[in-house]
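Here are my notes for you, written as numbered points. Keep the structure open while you read, and look up each residue as it comes along.

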Amino acid sequence: MGGDIMNNLLKKTTNLQVLPVYVASAALFFLMCLTFTDVILRSMFNAPIEAATELTRMSMAIMVFSILPSLSGRGQHIAVDLLDGLFTHPTVQRIKAAMINLSCGGMLLWPAQRVSVLAERARSYGDVTEYLNIPQFYIAWFIAIMTFATAAVLIIRGLLELFAPKMLEPNDV
């Protein structure tokens, strides 16, 4: 009974991973169109898009931070494997992976909290972007929320790695 509930929850969260991928894809497509349009306008008409820099910054932030929880949940981070030869036993590898996920998730809580403080400060000061006057706290809160989500995903993945490693296998999801 408890395993069925956990499997259903895991399937639903796996299906939920599609939304951030679509958000990141839309941001990338927007960035591609913006760059293309800016280059054409700059080259042919000597009229660049003045707000291209701030739109690029916002799009990059949306793209990177929207996909981060999804990548963390699937364990698809870039990893340096210099010490993997020391951890050859499967149980030791599992414990190592769990400790890495738990520690990274715990460490991400601090920057997420700091960014939320900065977002609230930007809101209270009324900080806006230079050309479009978009309030800066929107992007800052988005970064904070997605960083908190990434921390939670890493902590959950670390706990699953320790206590229910079979749930992380692709066949069960």
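1. Let's start with a term that comes up a lot: a residue is buried under 20% relative accessible area, exposed over 50%, and partly exposed in between (1.4 Å probe, protein chains only). What you have here is a predicted model, in which local features need pLDDT of at least 70 and side-chain atom pairs count only at pLDDT 80 or more, while totals for chains, interfaces and linings use all residues. Residues are numbered from 1 along each chain as its sequence is written, and side-chain values use heavy atoms, with hydrogens and water left out.

2. Now the salt bridges, meaning a side-chain nitrogen of Lys or Arg within 4 Å of a carboxyl oxygen of Asp or Glu. How many does the structure hold? There are 3 salt bridges. In one of them, Arg123 pairs with Glu120 at 2.3 Å, N to O. Both sit in helix H4, 3 residues apart, which is about one helical turn. (Helices are DSSP runs of H or I, at least four residues, and strands are runs of E, at least two; they are numbered from the N terminus.) Glu120 is partly exposed, with a relative accessible area of 31%, and Arg123 is partly exposed too, at 41%.

3. Next, find Arg42 and Asp38, whose side chains meet in a salt bridge (3.0 Å, N to O). They both lie in helix H2 (residues 18–45), 4 residues apart, so again look about one turn along.

4. In the salt bridge between Asp84 and Lys96, the closest N and O atoms are 2.8 Å apart. Asp84 lies in the loop between helix H3 (52–74) and H4, and Lys96 is in helix H4, so the pair ties together parts that are 12 residues apart in sequence. Asp84 is partly exposed at 35% relative accessibility, and Lys96 is partly exposed at 23%.

5. Stay with helix H4 (residues 90–125), because that is where you'll find Asn101. Is Asn101 buried or exposed? It is buried, with a relative accessible area of 12%. Not counting residues up to four places away in sequence, Asn101 touches Leu154, Ile155, Arg157, Gly158 and Glu161; contact here means heavy atoms within 4.5 Å. Pro90 is also found in helix H4, but Pro90 counts as exposed, at 55% relative accessibility.

6. Two packed helices are described by the angle between their axes and the distance between the axes. H3 and helix H5 (residues 137–163) pack at an angle of about 10°, with their axes 8 Å apart. That makes H3 roughly parallel to H5 (angles under 35 degrees count as roughly parallel, over 145 as roughly antiparallel, 65 to 115 as roughly perpendicular and the rest as oblique). The axes are lines fitted to C-alpha atoms, for helices over the stretch in contact, and angles run from 0 to 180 degrees between N-to-C directions. Residues that meet include Phe65 and Leu68 in H3, and Phe142 and Met146 in H5.

7. One last thing to look up: Met44 lies in helix H2 and is exposed, with a relative accessible area of 59%.
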